Amino acid sequence: MGSEELKPFIPLKKPKVEKVVEKELPALNDPDSVVLRFAPGPSGPLHLGHTRALALNNYYKKRYGGKLILRLEDTNPNAIDSDAYEMIESDLNWLSIKADEIIIQSDRIELYYQEIRKILEKGGAYVTFSDAEEWRDLKNQKKAHPDRERSPKVQLTEFESLLVEGKGIVVIKTDLEDPNPALRDFVALRVVEEPHPRQSTKYRLWPLYNYAVAVDDYHLGITHVLRGKDHLNNTLKQKWIYKYLGWDEPNYIHYGLVSIPNTNLKTSKIRESIKEGEFSGWDDCQLATLKGLARRGYRPETFLRYWENSGLKEVDIKFSWQNFDAVNKDIIDSESRRLFFVSDPIEYTIETKNTLVKDAPWHPGKPELGKREEQIKSGSKIYIQKSDVEAFDDNKLVRLKNLCNVVVNGRKLSFEGMQPKKGSQIIQWCSSHTPIDLFYPDGTIVKGIVEDNISGLDGETVQFERVGFVRLEGKKAFFLHR
RNA sequence: GCUCUCGUGGUGUAGUCCGGCCCAUCAUCUCGGCCUUUCGAGCCGAAUACCCGGGUUCAAAUCCCGGCGAGAGCACCA
């Protein structure tokens with residue numbers, strides 16, 4: 001058989017069907033009424049790490065027309081920054097995420113008392129005055145503390161007395177035989193005598209995380225709990241409370257942990273460093289707080305888009321600044337005006353017969369934005385970056401970008417034509433200028449000058465050509481990314 | 001140590017439930033080329049991945065078993 005006859009038998013590559021897959025996050029169960037929550041502890045302002053939970057919850061809220069509750073978890077009087085309540089709300093605001101309801105746990109202490117009474121009554125919890133170690137040791141040996149076996153009636157009496165005095169704890173009974181020691185009997189409420197920033201000394205018995213979360217999730221009607229998988233065990237604990245109270249459980253969704261390289265996210269550490277003067281405040285451009293990142297010029301949409309793109313798989317992931325920056329650049333590039341920035345400026349004088357006019361567009365892709373014009377007369381000072389000057393020889397022809405060609409001669413630049421010459425070096429320059437300090441997130445500060453055109457641009461992101469995108473703030477510029 | 005998760009290019013992601021249209025998607029990064037009075041943007045192209053080993057099957061990224069690896073939890077924190 002000739003090759004022509006074989007043709008029908010040659011397996012053909014199937015043409016690939018162009019799949020236009022609308023990429024989206026996985027669907028939720030029970031999508032009919034979706035109630036979600038974002039529940040930070042008010043220990044400081046929000047940082048990059050918080051934005052994932054926020055973005056994901058917000059995404060599903062919008063997708064299903066649901067409701068998002070901001071719940072401030074302030075049940076540990078020792079770990080509260082009283083400014084944080086407001087800072088968190090303003091951070092949400094900045095992200096354009098609207099909480100449909102704001103709940104503060106320390107306003108709901110009576111509710112936690114009410115529900116624990118029910119559990120005590122049903123024999124699902126107990127009060128003990130045992131010291132922490134003894135109680136924990138017994139647990140680890142799968143043994144019950146004697147206080148565990150007392151009748152509900154006694155437990156209730158002990159509970160009421162704990163409200164006024166004594167040093168005990170209220171414990172939720174689980175399965176003492178559970179192979180995972182983390183899941184055996186856990187504390188629901190404990191005594192804290194320190195005054196609470198909002199409630200002062202009104203209460204002395206404070207609920208702990210797992211207990212308060214379960215009670216609130218139920219009473220707030222939360223349908224879907226979206227959180228990191230570090231909460232896997234917490235979910236199991238919280239289910240015991242649902243069981244005792246006969247409540248229907250919400251849908252739990254756990255996503256993998258993110259590690260954010262080279263970034264300090266520990267609120268307590270940051271606070272310390274601010275106190276020591278290492279950072280100027282929560283909005284220092286070296287920090288990955290929302291305030292710090294906002295100051296550098298990251299856009300709210302960047303956070304949302306980045307996290308929605310990262311999905312919610314249970315694998316642990318690494319945060320990529322590169323990818324994050326790419327998202328931000330995509331948003332700001334088309335709207336950021338261009339400027340010349342000259343670091344370590346060296347002064348030159350220009351010689352020209354005719355007055356020259358700088359003809360530089362505010363944005364190369366958007367002529368409608370107009371130009372940044374400037375008249376350059378003979379004798380005008382021209383400033384050039386030291387690193388560019390280092391490549392100069394006398395009689396070298398260079399192109400002052402958007403102006404003209406010049407020949408370098410000592411500290412003089414002589415006009416040498418308007419037509420750009422192929423191959424000649426093109427450099428940025430400043431004449432009339434403003435001094436500006438460029439702050440990098442690693443703490444370095446570069447002093448330089450910027451064209452005298454920035455008056456109307458305070459607070460905006462612009463691109464310093466060849467340097468990267470920055471956000472302007474007075475006589476400062478904060479480096480964003482390339 | 002115990003308990004629980006999870007392993008797709010450098011990074012993130014789609015596909016895994018219900019095996020075939022997957023010689024594996026998209027984005028970013030990297031490297032070329034084009035364009036450009038920015039080292040930005042845009043356009044074109046390239047390179048790079050199903051943790052390993054068995055099994056089931058006509059057919060495995062997808063199912064089963066074993067290994068290896070990574071992470072988390074083990075608080076009177078949240």
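This is a predicted model: local features need pLDDT of at least 70, side-chain atom pairs count only at pLDDT 80 or more; totals for chains, interfaces and linings use all residues.
## A walk through strands and salt bridges

Arg338 is buried, with a relative accessibility of 6%. Asp333 counts as partly exposed, because its relative accessibility is 30%.

Now let's turn to a pair of strands. Strand 15 (residues 356–361) runs antiparallel to strand 16, and six bridges link the two. Look for Pro361, which sits opposite Lys371 of strand 16. In a regular strand, side chains alternate between the two faces of the sheet. You can follow this in strand 16 (residues 371–376): Arg372, Glu374 and Ile376 make up the covered face, while Lys371, Glu373 and Gln375 make up the uncovered one. Glu374 also forms a salt bridge with Lys358 (3.4 Å, N to O). Since Lys358 belongs to strand 15 and Glu374 to strand 16, their pair ties together parts 16 residues apart in sequence. Both Lys358 and Glu374 are buried.

Next comes an open sheet of six strands with mixed pairing, in the order 17-14-20-19-18-21. Strand 17 (381–385) and strand 21 (425–427) have a single partner strand each, so one side of each lacks a neighbour in the sheet. Within this sheet, strand 18 (residues 397–400) and strand 19 (residues 404–409) pair antiparallel over four bridges, and Arg399 stands opposite Asn405.

Finally, back to salt bridges, of which there are 31. One of them joins Asp316 and Lys229 at 3.2 Å, N to O. Asp316 is in the loop between helix 11 and strand 11, and Lys229 in the loop between strand 8 and helix 8, so this pair ties together parts 87 residues apart in sequence.

How values were computed: Residues are numbered from 1 along each chain as its sequence is written. Chains are lettered from A and ligands numbered from 1 in the order in which they are written. Side-chain values use heavy atoms; hydrogens and water are left out. Buried means under 20% relative accessible area, exposed over 50%, partly exposed in between (1.4 Å probe, protein chains only). Two strands pair if DSSP finds at least two bridges between them. A salt bridge is a side-chain nitrogen of Lys or Arg within 4 Å of a carboxyl oxygen of Asp or Glu.
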